[in-house]
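Reader: Can you walk me through a structure? Keep it quick, please.

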Amino acid sequence: MIEEAVVSRVLGAALKTGGDFAEVFAEDKRSSSGRLDDGKIEELGSGRDRGAGIRVVAGDTTGFAHTADLSEAGLMAAAEAAGAAARGGGGGVNTVALTRRSVTSQPVGERPEEVAKATKVELLQRANDTARSQGNAIKQVSASYGDSRRQILVANSDGLIAADDQTRTLFVVGVVASGDTGMQTGRRSIGHTMGFELFDRYQVEDLAREAAEQALTKLKARPAPSGALPVVIGKGGGGVLFHEACGHGLEADHIQKNVSVFAGRVGQLVASPLVTIVDDGTVANEWGTFAIDDEGTPAQRNVLIEDGVLTDYMWDQLRARKEGRKLSGNGRRQSYKHLPMVRMTNTYLTNRDSTPEEIVADTPNGVYVAHLGGGQVNTATGDFVFGMTEAYLIEDGKITEPLREGNLIGNGPKVLEMIDAVGNDFEMGPPGTCGKDGQGVPVGDGVPTLRVSSLTVGGTAA
Amino acid sequence: MSEELLQIGDRIVAQARAGEQVEVVVGRSTSTEVRVYEGNVEQLASATSAGIGVRVIAGNRQGFAYAGSLDPDVMAETLAEARDNATFATDDEWLGLAEPDGVAVPDLDLYREDLAKVSTESKIDLAVELEKAVRAADRRITGVEAADYADGLSEGAVVTTSGIRTASRDSSCYVSTYCVAQDGDDTQTGFGFSVGRMPEDLDVAAAADDASRRATRLLGATQPRSGRVTVVFDPYVTAQFLGIIGSTLSGEAVLKGRSLFADRLGEEVAAAAFTLIDDATNPLAYSAGETDGEGLASRRNVLIDGGRLQRFVHNAYTARRSGTASTANAVRGFSSTPSVGCRALSLAPGTDLQPELLKAVGDGVLVSSVSGLHSGVNPVSGDFSTGAEGLRISSGELADPLREFTIASTLQRMLADVAAVGADIEWLPMRAAGVSLVVHDLTVSGA
C-alpha cells in the first residue's frame, strides 16, 4: 500500500513537533453488496475506501488527521496536521526504523471478488424463493449479501510495522408476515471472517426458512409481560447480554475516566461463580476476529471474568501506555478516518454443566428469549437494555406461547450476580456491529443457555 | 467552490452511453473535532473527505458504485463498476432518475465561509470553557467524560443525464458534554449540547446547565412499580419518537408492505393535537438542506394534519411507482443509492410550556431519556418498548427520580393517545425537533 521507506519518513515528520508517539494506519477496503427486496434484485453495489489516518500523541493529547491521498506529499500533510495538535518542544528524528511483525491473516477459501456476480445474485433469489414458499402469510422478503476485503498497514514510532488482510462475508434475510393481528417480522443473519466458502457452511435456504418461521410464529404472539421475572436466554445470540451488562464497562477508557461501575474492582467477585467471560479476537473465522488489531497488536484471548472474579479490563495503546500495561489486542477503529478506541472482539460466556432442558424445566414461570436484538448500556450507572426479537412464555417449566417484541432492562453488576444457571450448549451467535462514540466495528458474541433469576421485562401485559 | 464539484459530475455524466441514465453525486467535507479532558486537549482531529457515487440505469436495470476519493483513475473505475453492476439487477419499469420539476432551489443561507477561518485555539477554548462550566454547575458533578467541540463544512452536487444539476452546502458546529454526578454510592449521568452554524451561535452555559441538571436530578432514583400511566416526554425523547413515526410514513415502506399506515391515507391515525410536518427548508432545523439526495429542491410537506394522515414521503422511484410526485425526500450520502426518509420533522406546537402540561397531567411520569430504541421498537409491527429514566409527576409537580424501567405500548395506540403537544419546540442535532409531548396510557414496567 505504502513503501516502508515512506512510512518511516512520515513517522519522522509526525514527531517533528515533539510528540511522544506517532502512528500511521493505512487502509484499502473494497466491498461488494447485493440487495433483493420486493422480489427484485434492486441493486448491486461496489465500494472502495482507501486512505490513511495519522496520530501523534504528546503527553495526554492526541492529534489526528486523515487523508485519502496516499502519496508521500499527502501523507506528509496529514502528519503535519496531526503533529500540529500535539505541539511540544520540537523533536529530533527524521525517520523511524521499522521492524516488521509477521502475522497470519485469517485464511480465505474462496475470494469473494473472484466469484461471479451472477452467483451472488442467485443466492439472493434462492433465499427469496424459499422464504416466500413458507405460506401465504409471508408478504414481503428482503435479502442482502455483502463482502469486504480490508487490507491494513500499521506502523508506529516504537518501530512496529504490521499488516493484515481481512475478508468478511455476510448474508441477511428479512421477512414480513401478515395476519389478523397485523404484521410481524423475522430476521436471520450469518457472517464470518472468511470468503465465499461461507455458503458451503450455511445454506441460504435454511436462513430463509428460519426467518419466515420466526415471523409466522410471532403472528400468534401475545403481549409480553410487564415486570420482574426469571428470564432464560437461549444459546448463541444471548451474548448481547454480556456485551452490554459488563463488556463495555470493562473497556479501559471507561475505567480510566471512572465512568464504569467496574472501576477499581479487579480481583473482586463481581458475578455469580458460574460466570466466566472471555473476549477473544482469535476464534477462527468469527465475525470479530482478526490477525492484528487496528494498532498492530496481535489478537488475543483475554479472560475478563473467571468464576465470577474480575480478572482484567480490555486495553488499547493509549490506555495501556498510560498505565504501563501490556496490550490486549482491543484497539480498533471503524476506518482510517477514525481514532482507535478500546473495543470488544468476540465476547462470550463459557459452558457449565446444566442441560438447556434442565434449566427450562427448573423455571416454574418466566420468559424464554430465543433471539435477541441489540442493546445499549450506560457504563457509569450499569443500567442496560436489550431487545427480544423472539421470545416465549415459560409456564410450569415448559416453553409455551410466543410473545411480542420488547426490551428488557437490568443493571449490569446486579444481573451478573443473579445468573443462577448456565448450560453446556455453548454456541456463537449471529454477527453484530458494536457502536461506540459514533464508530461501528464487527463483533461476535456467544453463550450457552443461561438463566437470570430476575430481569424487568418491558411488555404491556399485566 | 461547488462549481468544481459540479464539473466533476459533468465530466462523468458526459460519458453516458446512448440509452443510459447516469447520476453522479459528489460530496466533500472538512471537519474539526476537539475533545477536552481535565483542562487539556485529549483529542484533536481534523479531516477532509471527498467522494463520488455513480448510479447507472440502463434497460430498466440499476447499478451503483462509490469511491471515497476524487482521483481520476478511481472515478473512472467507479463508473465502469456501476455499469457492470446494472447488468445483474432485475428489470424494473419504474426505475429512473429524478427530473427537474420546476421547484426553485431555496437559498437557506446555511453556509458560513468564516467557519473555515476560526482558529483551532478558539475551538479548544470553547471545549475547555464547557468542561469548566459543567464542573462548576453543581458540587455533585464528579466527572466530565467528554467535553467536545466539533464542526464541519460540507458541500455536495448532483448531476444527471435527466437535467438535474444542483449544488448545496452548509456549515454546522456544536458543543456537547457528558457528565457524571455522584452522591454517596449513587451515580447518574447527563448530557447537554448546543448547536449552531458558527461558534458564536453556541450557548456553552446552557449546554453545561442541561448536562448538570439531567445528571443531578436523577440522583437517588429508584425503580418504579409496574402499571399504566400518563407519560410526558421531554423534548429530546419526543424527537426520537418522531423519527420512528417518520420511518413508517416512507413511500418505500408503503410500497413494500412494511408500513403500518399503508392503507390509511386520509384517515384519522392520531389525536387531533398531532400535526406532523417535514420541512428541510426551515433554516432553524439542524438537518435543513437546500436539495434532497437526488438534487431536487427541498420543500415543506405536512404529513399528518390534526391527526389525519395527509401524505407519505417519496423519492423519484417510489413517487413514480405510486403515481405521484417526489416530495424531495431522497436521503443518502455519496456511498449509497437514495432511500426515502423524513429530513426535518417537527410537530405543530401547542400553547402550554412543560410546567402547565405537568399540572394538567396531575400524576404520571416524565421520561427524560430512553434507551434501546433500535432493539425494542419494531416500526413494522408497531410494538414499542424502550428503557427509560425520568421523574415521577405528583399532583402536577416533578417529584422523585426514577430509573431502570421500561415504557411500552404500540405506535398506533400512542398516536391515538396523544393528549397534548407543548409550546417548547427545541431544534436538536438530529432530523427531528423536540417538544414536550403528553401521551396517555403507557405501560411502565419496573419492580
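Author: Here is a short tour of chain B, with one stop in chain A.

Reader: What kind of model is this, and which residues count?

Author: This is a predicted model: local features need pLDDT of at least 70, side-chain atom pairs count only at pLDDT 80 or more, and totals for chains, interfaces and linings use all residues. Residues are numbered from 1 along each chain as its sequence is written, chains are lettered from A and ligands numbered from 1 in the order in which they are written, and side-chain values use heavy atoms, with hydrogens and water left out.

Reader: How many helices and strands in chain B?

Author: Chain B has 10 helices and 18 strands. Both are DSSP runs, numbered from the N terminus: helices are H or I with at least four residues, strands are E with at least two.

Reader: What box does chain B fill?

Author: Its C-alpha atoms fill roughly 70 × 55 × 35 Å along the principal axes.

Reader: What share of chain B is buried?

Author: Buried residues make up 61% of the 447. Buried means under 20% relative accessible area, exposed over 50%, and partly exposed in between (1.4 Å probe, protein chains only).

Reader: Where are the charges?

Author: Chain B has 38 positive and 63 negative charges, and their mean positions are 3 Å apart. Lys and Arg count as positive, Asp and Glu as negative; His and the chain ends are not counted. Each charge is placed at NZ of Lys, CZ of Arg, CG of Asp or CD of Glu.

Reader: Which residues touch the most others in the largest nonpolar core?

Author: That core has 48 residues, and those touching the most other members include Phe233(B), Phe241(B) and Ile407(B). Helix H5 of chain B, residues 235-248, gives the most to this core, with 6 residues. A nonpolar core is a set of buried Ala, Val, Leu, Ile, Met, Phe, Trp, Tyr and Cys residues joined through side-chain atoms within 4.5 Å.

Reader: What does Phe233(B) touch?

Author: Beyond four places in sequence, its contacts include Phe241(B), Met414(B) and Leu442(B). Contact means heavy atoms within 4.5 Å.

Reader: And what is in the second core?

Author: It is separate, has 45 residues, and includes Leu250(A) and Phe262(A).

Reader: Is Ala328(B) buried or exposed?

Author: Ala328(B) counts as buried because its relative accessibility is 2%.

Reader: What about phi of Glu404(B)?

Author: It is near 50 degrees, also a positive value in a residue other than glycine. Glu404(B) is in strand S16, residues 397-410. At 10% relative accessibility, Glu404(B) counts as buried.

Reader: Where does Gly382(B) lie?

Author: In the loop between helix H9 (373-376) and strand S15 (383-394) of chain B. Gly382(B) has 0% relative accessibility, so it counts as buried. Gln412(B) is 30 residues from Gly382(B) in sequence and 6.6 Å away in space, C-alpha to C-alpha.
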